[in-house]
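Welcome, and thanks for taking a look at this one with us. Below is a short briefing to read alongside the sequence and the structure.

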Protein chains: 2
Amino acid sequence: MWSNTKGRELKERALRVIPNGMYGHESTRLLPEEFPQFFSQAEGAKIWDADGNSYVDFVCAYGPNLFGHGYAPIEEAARRQQMLGDTMTGPSEIMVDLAEAFVSQVAHADWAMFCKNGTDATTMAMTVARAHRNRKIILYAKGTYHGAAPWCTPRPAGIIPEDRAAIVYYEYNDPESLADAFKQYDGQVAGVFATPIRHEVFIDNFEPDLKYVQTARRLCDENDALLIVDDVRAGFRLARGCSWEPLGVLPDLACFGKAIANGYPISALLGSDKARAAAQEIFVTGSFWFSATPMAAAIETLHQIRTTDYLEKTKEAGAALRAGLDQQAAAHGFQLRQTGPAEMPQILFAEDPDFRIGYAWSVECLKRGVYLHPYHNQFMSLAHDERIIAETLAATDLAFEALKGTVGSAEPNPNLMKLLAH
Amino acid sequence: MWSNTKGRELKERALRVIPNGMYGHESTRLLPEEFPQFFSQAEGAKIWDADGNSYVDFVCAYGPNLFGHGYAPIEEAARRQQMLGDTMTGPSEIMVDLAEAFVSQVAHADWAMFCKNGTDATTMAMTVARAHRNRKIILYAKGTYHGAAPWCTPRPAGIIPEDRAAIVYYEYNDPESLADAFKQYDGQVAGVFATPIRHEVFIDNFEPDLKYVQTARRLCDENDALLIVDDVRAGFRLARGCSWEPLGVLPDLACFGKAIANGYPISALLGSDKARAAAQEIFVTGSFWFSATPMAAAIETLHQIRTTDYLEKTKEAGAALRAGLDQQAAAHGFQLRQTGPAEMPQILFAEDPDFRIGYAWSVECLKRGVYLHPYHNQFMSLAHDERIIAETLAATDLAFEALKGTVGSAEPNPNLMKLLAH
């Protein structure tokens with residue numbers, strides 16, 4: 001029987017010693033109150049909360065979990081390295097192996113730099129772009145997420161206008177808007193940030209138009225600016241290289257993170273020879289950027305990416321989930337709005353402007369052992385196999401059935417309403 | 001016999017796939033060319049380079065290694081958590097335990113936020129300070145290091161004036177300089193950054209005057225600004241709490257990192273209740289900030305900090321090294337300039353303006369199995385016991401002896417000369 005006694009106690013204790021009881025993208029403050037904030041265990045496609053409830057987890061740590069928790073080949077590679085040495089007075093020799101592996105895996109990459117956060121990689125990309133021709137202006141698609149540093153974090157508290165004085169916003173997927181920005185800042189544009197797909201919270205997700213992608217490349221070339229694809233969230237989930245490779249367009253810089261070591265902490269900036277001189281000029285570093293264990297995990301993750309059918313399997317799992325949910329929703333008189341790539345599906349309800357239906361359904365799913373996020377895109381892992389999808393769909397069917405009884409009395413989430421009112 | 005065949009090959013390979021072959025604080029570009037860039041193993045106080053040469057390591061991963069590599073209680077705690085779950089869809093319940101442990105360990109701390117890089121913690125501190133009273137100006141002591149983000153990184157490439165438009169520089173240890181800055185920016189100062197001790201590279205290190213420390217506290221109080229101690233490098237190396245606690249002065253915010261999990265990747269911002277409301281307003285996050293394994297390692301590290309005599313032992317080890325080196329130098333006709341706390345000693349040569357003597361000596365040490373940094377402060381770990389210090393001093397004595405023969409032909413390091421010319 002699902003219960004959350006210990007979870008509620010933990011939230012109380014956390015409120016005293018952690019601001020808001022938790023912060024950042026994994027805070028459950030905007031989720032239904034039943035959502036557990038703290039977890040005790042993870043294995044394969046499943047997570048257990050502090051009360052011992054288990055869930056098929058479709059959030060996958062918000063991206064990092066690509067092959068399943070405790071995936072043996074990667075865990076073993078990490079453990080072997082940990083026994084030898086992790087955070088030493090310099091990198092392990094495997095840093096060179098890892099850089100070589102990225103350079104051979106990702107088409108545009110001639111060099112690699114490793115860091116810890118996705119934001120490290122995007123901030124380094126911005127800095128390299130500015131150093132490239134000693135220019136200031138960064139073009140940034142309105143509403144896209146590129147991290148949580150002062151120049152890009154989505155909330156204004158503690159941010160000053162100077163942090164974004166040289167950031168110019170354009171409309172994603174709109175070649176004219178991009179061309180206008182280049183014209184307005186003629187000779188001043190250092191680089192263009194492009195999210196590989198639109199995968200923002202609360203809204204429909206979508207893939208870019210080819211014309212926009214090609215125009216971005218052309219305008220960067222014509223203006224000697226660097227094209228930056230921020231693949232932190234989508235990297236290796238849509239393709240075995242940069243997410244724009246299947247579109248035939250290569251960036252100058254790409255930011256990777258999240259899934260590249262199946263949960264071990266490492267991110268990367270991958271650049272072409274064109275950007276190498278600028279990358280050699282900047283000074284960036286971090287206490288743990290050169291630790292060996294996450295690099296060993298990343299080497300094995302890249303090996304798994306090259307040698308398994310993880311990509312096809314996660315696409316199939318996403319497609320099966322999507323089809324099953326659509327069918328169930330229709331059978332119970334609901335309509336979903338599923339967008340984005342099936343392997344990173346955004347699952348919202350049609351005609352649910354204040355999210356009350358989606359929130360109510362996600363609670364019904366949760367109590368039946370399925371963790372589906374009500375406003376963030378989901379993620380698949382290789383551990384999300386046919387059995388797991390079947391188990392999920394059995395639970396979601398019951399959740400839709402239960403929703404029929406409760407949807408009439410569903411209320412919008414008050415914390416969410418406060419946020420959306422801003 | 002010391003050799004570096006494999007190390008040189010690795011450096012060649014690295015040059016092709018990593019900008020400059022390596023970047024950041026662990027790059028050996030400014031060190032003598034004999035210094036290994038890549039390591040293969042670490043245990044206790046020792047590290048092994050890619051050629052299999054072993055060294056007593058006095059750099060300790062530039063700070064993280066506090067109890068020795070492979071220290072069993074911490075490794076076991078981390079391994080147990082790794083088996084349960086590391087990077088999940090939310091933090092482990094042990095995040096609450098860790099925040100509680102910090103709050104009871106560090107005097108000013110009423111709450112904790114965890115992150116990955118030291119720079120994450122300093123950037124969060126800046127953002128919290130600005131959010132506190134919605135002010136802009138940050139006072140920053142000239143020449144101190146607070147990280148490698150655009151607002152603080154020591155090298156100008158890719159940085160624009162806007163990044164530092166609201167940073168005002170004052171003279172460390174000079175209460176009048178600080179008071180003048182407050183006067184000049186009356187009512188606009190958000191916070192004051194203070195390095196707990198001066199521990200910059202290439203120069204003598206020293207501890208602050210009590211008058212400066214007390215004035216910083218008083219001026220922050222009078223002006224409703226937040227006092228920030230950046231304890232990333234020195235935290236838990238000088239005291240079992242914030243480094244200014246022994247001086248009787250508590251900050252509002254302190255940044256910790258490096259040693260808090262004995263090498264596992266985690267950093268922290270520790271704040272008082274005064275700063276809590278602002279901390280609740282900002283949005284900061286990172287893909288791996290809530291991973292459980294480094295938190296398990298940090299909990300056990302804090303336990304070791306509370307229950308062992310690591311602090312007294314590392315102070316003794318530093319004092320023994322310092323005394324032994326001074327004696328040997330004198331016996332061989334050299335004079336050292338040793339500054340900073342003995343447990344984080346800066347070891348330079350007197351009258352060595354272009355560092356040629358120190359560089360030559362560090363190579364002689366290196367070839368005899370002792371890794372001493374020629375321009376950065378050293379670090380001790382609990383594994384640097386009497387036997388290790390004795391082994392070290394036996395080698396350094398021979399290094400001084402050898403130096404007598406080579407010092408006449410020593411040349412300044414060309415890369416270093418280029419840097420210092422700027």
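How many Å apart do the C-alpha centres of domain 1 of chain A and domain 2 of chain A lie? They lie 28 Å apart. Please keep in mind as you read that this is a predicted model.

**Domains of chain A**

- The domain assignment gives chain A a domain 1 made of residues 5-62 + 310-421, and a domain 2 covering 72-307.
- Where these domains touch, domain 1 of chain A brings 13 residues to the contact and domain 2 of chain A brings 15 residues.
- On the domain 1 side of that contact, helix H9 (310-331) and strand S11 (336-339) of chain A supply at least two residues each.
- Sorted by class, this domain 1 side holds six nonpolar, five polar and two charged residues.

**The sheet in chain A**

- Seven strands of chain A make up an open sheet with mixed pairing, in the order S4-S10-S9-S8-S7-S5-S6.
- Its edge strands are S4 (111-115) and S6 (167-170) of chain A, each of which pairs on one side only.
- On average, and with direction ignored, neighbouring strands of the sheet are turned by 20° against each other.
- Inside the sheet, strand S7 (residues 189-194) and strand S8 (residues 226-230) of chain A pair in the parallel sense over four bridges.
- Ala194(A) stands opposite Val229(A), a residue of S8(A).
- Helix H4 (residues 118-133) of chain A packs on the sheet, and the strands it touches include S5 (137-141), S9 (253-256) and S10 (267-271) of chain A.
- The direction of this helix makes about 25° with that of S10(A).

**Contact between the chains**

- Chain B puts 88 residues into its contact with chain A, and chain A puts in 90 residues.
- Several elements of chain B give two or more residues to this side, among them helix H1 (5-17), strand S1 (39-43), helix H3 (94-105) and helix H7 (276-281).
- H4(B) gives the most to the side of chain B that touches chain A, with seven residues.
- By class, that side of chain B has 45 nonpolar, 29 polar and 14 charged residues.

**A closer look at Ala402(A)**

- Ala402(A) sits in helix H11 (residues 386-406) of chain A.
- Is Ala402(A) buried or partly exposed? Ala402(A) counts as partly exposed because 18 other C-beta atoms lie within 10 Å, while a buried residue would need 20 or more.
- Ala402(A) and His332(A) are 70 residues apart in sequence, and their C-alpha atoms are 9.7 Å apart in space.

Conventions
Residues are numbered from 1 along each chain as its sequence is written. Chains are lettered from A and ligands numbered from 1 in the order in which they are written. This is a predicted model: local features need pLDDT of at least 70, side-chain atom pairs count only at pLDDT 80 or more; totals for chains, interfaces and linings use all residues. Two residues are in contact if their C-beta atoms, placed from the backbone, lie within 7 Å. Ala, Val, Leu, Ile, Met, Phe, Trp, Tyr, Cys and Pro count as nonpolar, Asp, Glu, Lys and Arg as charged, and the others, Gly among them, as polar. Domain bounds come from an automatic or database domain assignment. A residue is buried if 20 or more other C-beta atoms lie within 10 Å of its own, exposed if 12 or fewer, and partly exposed in between; C-beta atoms are placed from the backbone. Two strands pair if DSSP finds at least two bridges between them. Axes are lines fitted to C-alpha atoms, for helices over the stretch in contact, and angles run from 0 to 180 degrees between N-to-C directions.
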